[in-house]
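Here is my note on the model you sent, written as numbered points. Please keep the sequence and the structure open beside it while you read.

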Amino acid sequence: MEFRLYLLQRISALIMVPLVLGHIAVMIYAVQDGLSTDEILSRTRGSVFWAVFYGTFVVAVAIHAAIGLRTITREWLGVTGVTLDGFAAATCFGLLAMGMNAVAAVTLAP
Amino acid sequence: MSGTDGIGTINVSVWRGGPEGGAYQQFDVPRHESQTVLDTVAWIQQEADPTLSYRFACRVGMCGSCAMMVNGVPRWTCRTHVDKVLHDDRMEIAPLRNLPVIKDLAANMDPFFDKWVKAGGVFEGTDTRQDGFAPVVHESADRAEADAGIECINCAVCYASCDTVAGDPNFLGPAALNRAWTLVNDAKDASRDRVLDAVSASGGCHSCHSMGNCQQYCPNGLSPLSAIAGLKRATVRRAFRGR
């Protein structure tokens, strides 16, 4: 299981690399003429592209962060077994729920 | 206790105690030219307190028996000159970190060597004694990888320096994984898949955070860090090939 988690964390990192670069590039582009809620929502609302872009981002982050926090929790706090895996799963689903909620809020058509 | 027949005096703090705990005891040791840390420990045991326990054998950096913590850093004490480690003529010596203490400066090496076996470190030949000598191609890339790691003297300096071992006692540690990597690259060893399975289990090579303490402190200049990176690559490649 540890090896599979290791693989999952590396693959999720690989997925995040182009998404992070894309996110930063759009941020730089978007702030050129000032930044407003309307300006952002006009670009993202109803856009399948941005829904998939940030939806994928959220899934990768939830997996990557949960595995990383699981390792830190085991090594620093000595937590093991079901408690450790339960914590990791809760972290993953918590990040997924919050992230998907945010993605839906900015990409679904009003 | 003190001695004054040298070119000065070293104040040595030596950890004394057992598995239940202990404390540092001070000794004044005569200083000499070209004196090693092990020389000072031997002087204390022979001249000041014969009840001091420590471990050594060859005294020339071959056997890997005499490693201790010197001023908080793991070192092979027989090849570490006192001049290199003294601070204001003081020095602190303790048993190796990350291992249980038997008594005073003697650490229990059982967990260290148990992990060599757990990492699949037992050689498994491809031929029988009826077969001829297996050819070893020294120019091959695999042999170069194996050669880079085979000078390990099992001193456990890397194991004592490893913060991942400190945080996760289940982690196999740099030396055992370095041994596993030499076997993976050994043309005469038949257990490549068995070794890769062993290092992929919980506490295996994927737990390493690549901090590099092992490489920094290895007295023989080996790089268990590179060996572990090699194991990670080999296991991932194998996984993508469907194994």
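1. Among the contacts in chain B between residues at least 6 apart in sequence, 66% join residues that are at least 24 apart, where two residues are in contact if their C-beta atoms, placed from the backbone, lie within 7 Å. Of the 243 residues of this chain, 41% count as buried; a residue is buried if 20 or more other C-beta atoms lie within 10 Å of its own, exposed if 12 or fewer, and partly exposed in between. Taken along the principal axes, the box filled by the C-alpha atoms of chain B is roughly 65 × 35 × 30 Å.

2. Please bear in mind that this is a predicted model, in which local features need pLDDT of at least 70 and side-chain atom pairs count only at pLDDT 80 or more, whereas totals for chains, interfaces and linings use all residues. Residues are numbered from 1 along each chain as its sequence is written, while chains are lettered from A and ligands numbered from 1 in the order in which they are written. Chain B averages a pLDDT (the predictor's confidence in each residue, from 0 to 100) of 93, and 97% of its residues score at least 70. The model scores ipTM 0.81 and pTM 0.88.

3. Chain B has 10 helices and 7 strands, which are DSSP runs numbered from the N terminus (helices are H or I, at least four residues; strands are E, at least two). In chain B, 5 strands form an open sheet of mixed pairing, in the order S2-S1-S5-S3-S4; two strands pair if DSSP finds at least two bridges between them. Strands S2 (21-30) and S4 (73-76) of chain B stand at the edges with a single partner strand each, so one side of each has no neighbour in the sheet. On average, neighbouring strands of this sheet are turned by 35 degrees against each other, direction ignored.

4. Which residues stand opposite Ser13(B) in S5(B) and in S2(B)? In S5(B) it is Glu92(B), and in S2(B) the bridge partner is Gln26(B). Strand S1 (residues 9-18) of chain B runs parallel to strand S5 (residues 90-94) of chain B, to which 4 bridges join it, whereas S1(B) and S2(B) pair in the antiparallel sense over 10 bridges and form a hairpin with 2 residues between them.

5. Helix H1 (residues 37-48) of chain B lies across S1, S2, strand S3 (67-70), S4 and S5 of chain B, and runs at about 95 degrees to S2(B); axes are lines fitted to C-alpha atoms, for helices over the stretch in contact, and angles run from 0 to 180 degrees between N-to-C directions.

6. A nonpolar core is a set of buried Ala, Val, Leu, Ile, Met, Phe, Trp, Tyr and Cys residues joined through C-beta atoms within 7 Å. In the largest one, of 61 residues, Ile93(B), Ala156(B), Leu177(B) and Ala180(B) touch the most other members, and helix H7 (residues 174-184) of chain B supplies the largest share, 7 residues. Apart from this core lies another of 8 residues, including Val61(A) and Cys92(A).

7. Is Val52(A) buried or exposed? Val52(A), in helix H3 (residues 48-77) of chain A, is exposed, because 12 other C-beta atoms lie within 10 Å.
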